[in-house]
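These are my notebook entries on a single protein chain. I record what I looked up and what I found.

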Amino acid sequence: MSFYCRFVKEKGKGTVHEIYHDTEYGFPLESDNELFARLVLEINQAGLSWETILKKKEAFYKAFDNFDINKVSRYTQKKFDMLMGDAGIIRNRLKINAAIENAKTITALQKEFGSFKNWLNHHHPKTKEEWVVLFKKQFKFTGGEIVNEFLMSTGYLPGCHAEDCPTYKKILKKKPMWLKQ
């Protein structure tokens, strides 16, 4: 059983982890805004616990205009300063700047590929290492762990659930990209 599946079954039962594990982690995402949200949340988790991010998730959505890529890509210094003062989110200059700059990158990818999802699909399949190189070229504040978790959590890389986990079977029905190796 994967570490996260085991954790949720034992210590994580009844916590924010259980809902995320059972309904979000590893499920393919369809909208660019959902993909962008997950990327921003994964970036914000760096150096912190995932539980902290899950508890602040609602505040992140509110602070970042529901992760509307077009809106975030046009944030001004005034909005940046407001985000830096928002106790509901992680107030880290580099992470907030990464969200804004990555939104700009995604809008450029949308123009070229039609959508962020199409860009991801265009580059699939890749190894984790190849994805990391690609993400580091395109995006701010992305390293091995962030890229790995982003791609596993959105169905591009396998490994988020153990095969004997009931959620694993639900994900298989959604035909994640990692099945199309």
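Is Lys175 buried or exposed? I found that Lys175 is exposed, with a relative accessible area of 55%. I noted the cut-offs: buried means under 20% relative accessible area, exposed over 50%, and partly exposed in between, with a 1.4 Å probe and protein chains only. Lys175 is found in the segment after α11. Helices here are DSSP runs of H or I with at least four residues, strands are runs of E with at least two, and both are numbered from the N terminus.

**Basis of the entries**

I am working with a predicted model, in which local features need pLDDT of at least 70 and side-chain atom pairs count only at pLDDT 80 or more, while totals for chains, interfaces and linings use all residues. Residues are numbered from 1 along each chain as its sequence is written, and side-chain values use heavy atoms, with hydrogens and water left out.

**Entry: backbone**

I looked up phi for Lys175 and found a value near 55°, positive in a residue other than glycine. Asn66 also has a positive phi, near 55°, and is a residue other than glycine. Asn66 lies in the loop between α4 and α5 (69–73), and at 55% relative accessibility Asn66 counts as exposed. I then checked the peptide bond from His124 to Pro125 and found that it is cis, with omega near 0°. Pro125 sits in the loop between α8 and α9. I recorded these cases because most residues other than glycine have a negative phi, and most peptide bonds are trans.

**Entry: Tyr61**

I turned to Tyr61, which belongs to helix α4 (residues 50–63). Tyr61 counts as partly exposed, at 26% relative accessibility. What is Tyr61 in contact with, leaving aside its neighbours within four places in sequence? I found Ala37, Leu41, Asn66 and Phe67; contact means heavy atoms within 4.5 Å. Tyr61 and Ala37 are 24 residues apart in sequence, yet their C-alpha atoms are 7.9 Å apart in space.

**Entry: Gly144**

Gly144 lies in helix α10 (residues 144–153) and is partly exposed, with a relative accessible area of 26%. Not counting residues up to four places away in sequence, Gly144 touches Lys128 and Val132.

**Entry: helix packing**

Two packed helices are described by the angle between their axes and the distance between the axes. Axes are lines fitted to C-alpha atoms, for helices over the stretch in contact, and angles run from 0 to 180 degrees between N-to-C directions. I took angles under 35 degrees as roughly parallel, over 145 as roughly antiparallel, 65 to 115 as roughly perpendicular and the rest as oblique.

At what angle do α6 and α7 pack? Helix α6 (residues 77–84) and helix α7 (residues 93–113) pack at about 135°, with their axes 10 Å apart. They are therefore oblique to each other. In this contact, Phe80, Leu83 and Met84 of α6 meet Arg93, Ile96, Asn97 and Ile100 of α7. By class, the residues of the contact divide into five nonpolar, one polar and one charged. Ala, Val, Leu, Ile, Met, Phe, Trp, Tyr, Cys and Pro count as nonpolar, Asp, Glu, Lys and Arg as charged, and the others, Gly among them, as polar.

Next, I found that α7 and helix α8 (residues 116–123) pack at about 70°, with their axes 8 Å apart; they are therefore roughly perpendicular to each other. Helix α3 (residues 32–45) packs against α8 at about 75°, with the axes 8 Å apart, which makes α3 roughly perpendicular to α8. Asp32, Leu35 and Phe36 of α3 make the contact with Phe116, Lys117 and Leu120 of α8.

**Entry: aromatic rings**

How many aromatic pairs does the structure hold? I found 21. Rings of Phe, Tyr and Trp (its six-membered ring) pair if their centres lie within 6.5 Å; planes under 30 degrees apart count as stacked, over 60 as edge-to-face and the rest as tilted. Trp131 and Tyr156 form an edge-to-face pair, 6.3 Å centre to centre and with 70° between the planes. Both Trp131 and Tyr156 are buried. Ring pairs also link Phe116, Trp119, Trp131, Phe135, Phe139, Phe150 and Tyr156 into a cluster.
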